[in-house]
Amino acid sequence: MAKLVFGMNQSLDGYVDHMEFAPSPTLFRHFIKEAEQQTGSLYGRRIYEIMRYWDDEHPEWDADRQAFAAAWRKQPKWVVSRSSASVGPNARLVDGDLAGAVRKLKAEHDGEIEVAGPVLAHSLTELGLIDEYRIYLHPVVLGHGNPYFAGPRPRLRLIAHDRIDEDVVRLVYVPA
(Lines give C-alpha, C1' and ligand atoms only; values in the text may rest on other atoms or scores of the structure.)
Protein backbone atom coordinates (compact mmCIF):
# COMPACT_ATOMS: atom_id res chain seq x y z
CA MET A 1 0.00 0.00 0.00
CA ALA A 2 1.32 3.44 -0.91
CA LYS A 3 2.00 6.15 1.64
CA LEU A 4 0.76 9.71 1.01
CA VAL A 5 3.43 12.29 1.86
CA PHE A 6 2.79 16.03 1.95
CA GLY A 7 6.06 17.94 1.82
CA MET A 8 6.78 21.55 0.96
CA ASN A 9 9.21 24.36 1.58
CA GLN A 10 7.95 26.55 4.40
CA SER A 11 8.93 29.90 5.89
CA LEU A 12 9.55 30.27 9.61
CA ASP A 13 6.12 31.86 9.97
CA GLY A 14 4.34 28.94 8.29
CA TYR A 15 3.83 30.02 4.67
CA VAL A 16 4.58 28.31 1.36
CA ASP A 17 5.34 30.39 -1.72
CA HIS A 18 7.49 29.16 -4.60
CA MET A 19 8.05 32.74 -5.78
CA GLU A 20 9.44 34.05 -2.48
CA PHE A 21 12.27 31.59 -1.88
CA ALA A 22 13.87 28.81 -3.87
CA PRO A 23 15.76 25.70 -2.83
CA SER A 24 19.55 25.84 -2.64
CA PRO A 25 21.49 23.56 -5.02
CA THR A 26 21.90 21.02 -2.18
CA LEU A 27 18.18 21.01 -1.39
CA PHE A 28 17.30 20.84 -5.09
CA ARG A 29 19.47 17.70 -5.45
CA HIS A 30 17.61 16.26 -2.44
CA PHE A 31 14.32 16.88 -4.26
CA ILE A 32 15.70 15.20 -7.40
CA LYS A 33 16.42 12.03 -5.39
CA GLU A 34 12.94 12.13 -3.88
CA ALA A 35 11.32 12.57 -7.30
CA GLU A 36 13.33 9.64 -8.67
CA GLN A 37 12.08 7.39 -5.86
CA GLN A 38 8.43 8.47 -5.72
CA THR A 39 5.68 6.24 -7.04
CA GLY A 40 3.86 9.33 -8.33
CA SER A 41 2.45 12.71 -7.42
CA LEU A 42 -1.05 13.83 -6.46
CA TYR A 43 -1.63 17.48 -7.32
CA GLY A 44 -4.19 20.15 -6.81
CA ARG A 45 -4.93 22.11 -9.98
CA ARG A 46 -2.92 25.24 -9.15
CA ILE A 47 0.28 23.50 -8.13
CA TYR A 48 -0.01 21.14 -11.11
CA GLU A 49 -0.20 24.13 -13.46
CA ILE A 50 2.98 25.51 -11.85
CA MET A 51 4.74 22.15 -12.12
CA ARG A 52 3.85 21.80 -15.82
CA TYR A 53 6.93 23.98 -16.34
CA TRP A 54 8.93 20.73 -16.13
CA ASP A 55 7.10 19.24 -19.14
CA ASP A 56 8.89 21.62 -21.52
CA GLU A 57 12.53 21.52 -22.57
CA HIS A 58 14.65 24.53 -21.63
CA PRO A 59 18.08 24.66 -23.29
CA GLU A 60 19.47 26.86 -20.50
CA TRP A 61 18.90 24.17 -17.83
CA ASP A 62 21.87 22.77 -15.96
CA ALA A 63 22.30 19.04 -15.28
CA ASP A 64 20.29 19.18 -12.02
CA ARG A 65 17.27 20.76 -13.69
CA GLN A 66 17.43 18.24 -16.51
CA ALA A 67 17.58 15.41 -13.96
CA PHE A 68 14.59 16.76 -12.03
CA ALA A 69 12.57 17.19 -15.24
CA ALA A 70 13.36 13.62 -16.30
CA ALA A 71 12.28 12.22 -12.92
CA TRP A 72 9.12 14.35 -12.87
CA ARG A 73 8.10 13.41 -16.41
CA LYS A 74 8.63 9.70 -15.74
CA GLN A 75 6.33 9.39 -12.75
CA PRO A 76 2.54 9.22 -13.01
CA LYS A 77 0.62 12.27 -11.87
CA TRP A 78 -2.94 12.49 -10.63
CA VAL A 79 -4.61 15.91 -10.70
CA VAL A 80 -7.56 16.78 -8.49
CA SER A 81 -9.59 19.44 -10.26
CA ARG A 82 -13.20 20.37 -10.91
CA SER A 83 -12.30 22.98 -13.54
CA SER A 84 -9.61 21.33 -15.68
CA ALA A 85 -10.82 19.47 -18.76
CA SER A 86 -7.47 17.89 -19.58
CA VAL A 87 -3.97 17.36 -18.20
CA GLY A 88 -0.54 16.86 -19.71
CA PRO A 89 1.57 13.80 -20.42
CA ASN A 90 1.63 10.96 -17.90
CA ALA A 91 -1.17 12.57 -15.88
CA ARG A 92 -4.84 11.91 -15.36
CA LEU A 93 -7.67 13.77 -13.74
CA VAL A 94 -9.17 12.63 -10.45
CA ASP A 95 -12.82 13.54 -10.25
CA GLY A 96 -15.82 12.49 -8.28
CA ASP A 97 -15.34 10.99 -4.83
CA LEU A 98 -11.93 12.27 -3.64
CA ALA A 99 -11.72 9.95 -0.63
CA GLY A 100 -12.60 6.88 -2.68
CA ALA A 101 -10.24 7.79 -5.52
CA VAL A 102 -7.30 8.40 -3.17
CA ARG A 103 -7.95 5.25 -1.15
CA LYS A 104 -7.93 3.32 -4.42
CA LEU A 105 -4.63 4.97 -5.47
CA LYS A 106 -3.06 4.03 -2.15
CA ALA A 107 -4.31 0.45 -2.42
CA GLU A 108 -3.15 -0.03 -6.03
CA HIS A 109 0.41 1.28 -5.54
CA ASP A 110 3.42 0.77 -3.32
CA GLY A 111 5.98 3.36 -2.23
CA GLU A 112 5.41 7.06 -1.69
CA ILE A 113 2.93 9.27 -3.46
CA GLU A 114 3.74 12.94 -3.09
CA VAL A 115 0.86 15.26 -2.21
CA ALA A 116 1.45 18.74 -3.61
CA GLY A 117 -0.44 21.86 -2.65
CA PRO A 118 -1.74 23.05 0.72
CA VAL A 119 -5.39 23.20 -0.37
CA LEU A 120 -5.40 19.58 -1.54
CA ALA A 121 -3.41 18.56 1.55
CA HIS A 122 -6.06 20.25 3.72
CA SER A 123 -8.82 18.14 2.12
CA LEU A 124 -6.78 14.95 2.45
CA THR A 125 -5.89 15.77 6.07
CA GLU A 126 -9.58 16.20 6.91
CA LEU A 127 -10.19 12.77 5.35
CA GLY A 128 -7.37 11.23 7.39
CA LEU A 129 -5.49 10.13 4.27
CA ILE A 130 -2.07 11.79 4.66
CA ASP A 131 0.46 9.44 6.22
CA GLU A 132 3.39 11.81 6.60
CA TYR A 133 4.12 15.54 6.60
CA ARG A 134 7.56 16.85 5.59
CA ILE A 135 8.27 20.47 6.34
CA TYR A 136 11.40 21.93 4.78
CA LEU A 137 11.89 24.87 7.11
CA HIS A 138 13.70 27.88 5.60
CA PRO A 139 15.10 30.87 7.53
CA VAL A 140 12.70 33.26 5.80
CA VAL A 141 9.81 35.25 7.27
CA LEU A 142 7.13 36.12 4.69
CA GLY A 143 4.34 37.61 6.79
CA HIS A 144 1.71 36.58 4.23
CA GLY A 145 0.78 33.96 1.67
CA ASN A 146 -0.62 30.45 1.65
CA PRO A 147 -0.11 28.61 4.93
CA TYR A 148 1.38 25.12 4.92
CA PHE A 149 -1.66 23.98 6.88
CA ALA A 150 -4.61 25.48 5.01
CA GLY A 151 -7.16 24.49 7.63
CA PRO A 152 -7.40 22.94 11.06
CA ARG A 153 -4.03 21.75 12.27
CA PRO A 154 -3.87 17.99 12.76
CA ARG A 155 -2.32 16.51 15.87
CA LEU A 156 1.15 15.40 14.82
CA ARG A 157 4.08 13.47 16.22
CA LEU A 158 7.66 14.27 15.19
CA ILE A 159 9.43 11.15 13.90
CA ALA A 160 12.57 12.62 12.30
CA HIS A 161 14.50 15.81 11.73
CA ASP A 162 17.61 16.44 9.72
CA ARG A 163 19.60 19.28 8.29
CA ILE A 164 19.41 19.25 4.50
CA ASP A 165 21.80 22.12 3.86
CA GLU A 166 23.32 24.93 5.90
CA ASP A 167 20.00 26.77 6.27
CA VAL A 168 17.20 24.22 5.82
CA VAL A 169 15.92 21.66 8.30
CA ARG A 170 13.50 18.89 7.34
CA LEU A 171 10.92 18.02 9.97
CA VAL A 172 9.01 14.77 9.46
CA TYR A 173 5.69 14.24 11.24
CA VAL A 174 3.00 11.56 11.26
CA PRO A 175 -0.58 11.94 12.51
CA ALA A 176 -0.67 11.45 16.29
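Reply: Happy to; we will go through the strands, their pairing and a helix.

Reply: Before that, this is a predicted model, where local features need pLDDT of at least 70, side-chain atom pairs count only at pLDDT 80 or more, and totals for chains, interfaces and linings use all residues. Residues are numbered from 1 along each chain as its sequence is written, and side-chain values use heavy atoms, leaving out hydrogens and water.

Me: In what order do the eight strands lie in the open sheet?

Reply: Strands (E, at least two residues) and helices (H or I, at least four) are DSSP runs, numbered from the N terminus. Two strands pair if DSSP finds at least two bridges between them. Here the order is S5-S4-S3-S6-S1-S7-S10-S9, with mixed pairing. The edge strands, S5 (91-94) and S9 (156-163), each pair on one side only.

Me: Which strands show the parallel sense, and which the antiparallel?

Reply: S3 (residues 40-44) and S6 (residues 112-116) are parallel over four bridges; Ser41 has Glu114 in S6 as its bridge partner. S7 and S10 are antiparallel over five bridges, and Tyr133 is partnered by Tyr173 in S10. Tyr173 is also the bridge partner of Leu158. S9 and S10 run antiparallel, joined by seven bridges, and form a hairpin with five residues between them.

Me: Which strands does helix H1 touch?

Reply: Contact means heavy atoms within 4.5 Å. Helix H1 (residues 25-37) packs on the sheet and touches S1 (3-10), S7 (132-137) and S10 (169-175).

Definitions and conventions: Axes are lines fitted to C-alpha atoms, for helices over the stretch in contact, and angles run from 0 to 180 degrees between N-to-C directions.
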